[in-house]
Amino acid sequence: MNDRSDKARRRGFMQMAGVAGASLTLNEFGFLGRLPSVSASETQLPAGSVEFSPDIEPLVRLLEETPRSKVIETFAAKIQSGTSYRDILAALLLAGVRNVQPRPSVGFKFHAVLVVNSAHLASLAAPDSDRWLPIFWALDYFKSAQARDISEGDWTMAAVDESKVPPSHKAEQAFRAAMDSWDVEAADVAIVSLCRTAPASKIFDILAHYGCRDFRSIGHKAIYVANSFRTLQCIGWRFAEPVLRSLTYAILNHTGEPNPSTSDLKADEAWRVTTAKQDTVGKNWSHGRIDSGATLSLLSSLRDATPSEAVSVTAEMLASGIAPQSISDALFLSAGEMLGQQPGIVSLHSATSTNALQYTFRTAYQDQTRRELLFQNAAFIPYFRESMRSRGKLRSTQIDTNTASETNEQPLGINEIFNRVSANRQQASAAMRSYLDSGGPPEQLIDAARRLVFLKGNDSHDYKFSSAVLEDYYWISPEFRAPYLASAAYLLPGSKDRDNGLVNRVHAALA
């Protein structure tokens, strides 16, 4: 993990922020400095279950078998005895993929897997003193998801059928054929062969292609592609095989619908347009001009476009010489706008899916894959808007993209901003915008928001959303950053929200 210890900045943060009073002082988390072997049980796994390498299997088993009521204390002891951050993170991800099924949806209980990278990102960005808190939260959350999976049938990932694994020279062809035909069994053995023989960058590109092709599970497939690879970058590619088997299984989820490869389904309409528009943008599509006017034009179009129309207008802009950055700005702003129009689970996922698709767009290396990701991100925005309308009326408010808000009032301090988040989110959003427009340091606002997630966050979406929007602030063009971050006030925790009790539990475990 990168060392972000900046004492001067943090002193300034505490002097200005004062968020939630003494509950947010650095001394409050000082007990975490005590962290730097308890052995896992050697009991047998269920017959036919996938088993991990001997260096990580005992730690995964310990997590699986420890009761939720004792998981914080048990893993605090492991950490104090020398177990590394990387090993704890690996155990979290592997326990999730072995024990939690991405069915009937790539969501719900499966957030125990999806949230691992979000907790990791929160740890990376936190001050040194706080970095274990998101991991302790994720350990506890896994136990709740594991219990739910047990109640739904106690699914466990099976060991791979080695007799059916295709040879390396046929791995990619076999995998693409299986994914194109939505064949779960054939894809499972093909991804194993691909994982064992192909470079990670190539596999990422292939899975990015399939992870963005449909909107089923409101963007969670694309989220899983990004989050799984980002976590593997930390824990090591040697753990990739079970993770990518789980990811492949998740991408092929079409529960309740006929086989998409032989059916004409609404969830696949935009993908057909994306495929048709691939070759219309020209070879120099990635070298266009930054144009804020084009960003605002696309933002306006996305308010009323269908998913297919969103793909078409995006392709037309790229073909006319508009830079991908200006397209991305519009997608971020669209997601932010929806937060204010209907704060809730659907608009939240417009932000987290855009975060995932944009990360994958920046990371994929083939032009075709990158265009697909940009087009599908544009298509997902109207899909989300349709889902929001099905849940109720949307506010008519639009995100204020002016370079600075017009107000004669003195900007509020960070403490009061987050007090307002708990009391009136619309006012909090306006106050956050005023703070940023007046030159308030965004890092102090971001650090305060993240710390409140540690103190108040109870749900996986608190971590998923905050990690996404706080990261994406820096990927948006500077002129649009303030309105985007201000829109996050609609779903971030406030300083008057009830504490989640995590800090007290960890403190007690380390006492």
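Asp154 is partly exposed, with a relative accessible area of 44% (partly exposed lies between buried, under 20% relative accessible area, and exposed, over 50%, using a 1.4 Å probe and protein chains only). This is a predicted model, in which local features need pLDDT of at least 70 and side-chain atom pairs count only at pLDDT 80 or more, while totals for chains, interfaces and linings use all residues. Residues are numbered from 1 along each chain as its sequence is written, and side-chain values rest on heavy atoms, with hydrogens and water left out.

Back to Asp154: it sits in the loop between helix 6 (133-151) and helix 7 (helices are DSSP runs of H or I with at least four residues, strands are runs of E with at least two, and both are numbered from the N terminus). Asp154 has a positive phi of about 55 degrees, although it is not a glycine. Ile218 is another non-glycine residue with a positive phi, here about 35 degrees. Ile218 belongs to the loop between helix 9 and helix 10 and is partly exposed, at a relative accessible area of 24%. Then there is the peptide bond from Arg103 to Pro104, which is cis, with omega near 5 degrees. Pro104 is in the loop between helix 4 and helix 5 (111-125). As background, most residues other than glycine have a negative phi, and most peptide bonds are trans.

Next come the helix pairs. Two packed helices are described by the angle between their axes and the distance between the axes. Helix 7 and helix 9 pack at an angle of about 15 degrees, their axes 11 Å apart (axes are lines fitted to C-alpha atoms, for helices over the stretch in contact, and angles run from 0 to 180 degrees between N-to-C directions). That makes helix 7 roughly parallel to helix 9 (angles under 35 degrees count as roughly parallel, over 145 as roughly antiparallel, 65 to 115 as roughly perpendicular and the rest as oblique). On the helix 7 side, Glu172, Phe175, Arg176, Met179 and Asp180 meet Lys202, Ile206, Leu207, His209 and Tyr210 of helix 9. By class, the residues of this contact of helix 7 with helix 9 are five nonpolar, one polar and four charged (Ala, Val, Leu, Ile, Met, Phe, Trp, Tyr, Cys and Pro count as nonpolar, Asp, Glu, Lys and Arg as charged, and the others, Gly among them, as polar).

Helix 10 and helix 11 pack at an angle of about 175 degrees, with 10 Å between their axes. That makes helix 10 roughly antiparallel to helix 11. Their contact (heavy atoms within 4.5 Å) involves Lys221, Tyr224, Val225, Ser228, Phe229 and Leu232 of helix 10, together with Ala240, Val243, Leu244, Ser246, Leu247, Ala250 and Ile251 of helix 11. The contact of helix 10 with helix 11 has ten nonpolar, two polar and one charged residues.

Helix 11 itself is largely enclosed by the rest of the structure, because eleven of its twelve residues are buried. Among the elements covering those buried residues are helix 4 (85-99), helix 8 (184-197) and helix 10 (220-235). Ser246, found in helix 11, counts as buried at 1% relative accessibility. Leaving aside neighbours within four places in sequence, Ser246 is in contact with Val97, Pro102, Phe110, Met157 and Tyr224.
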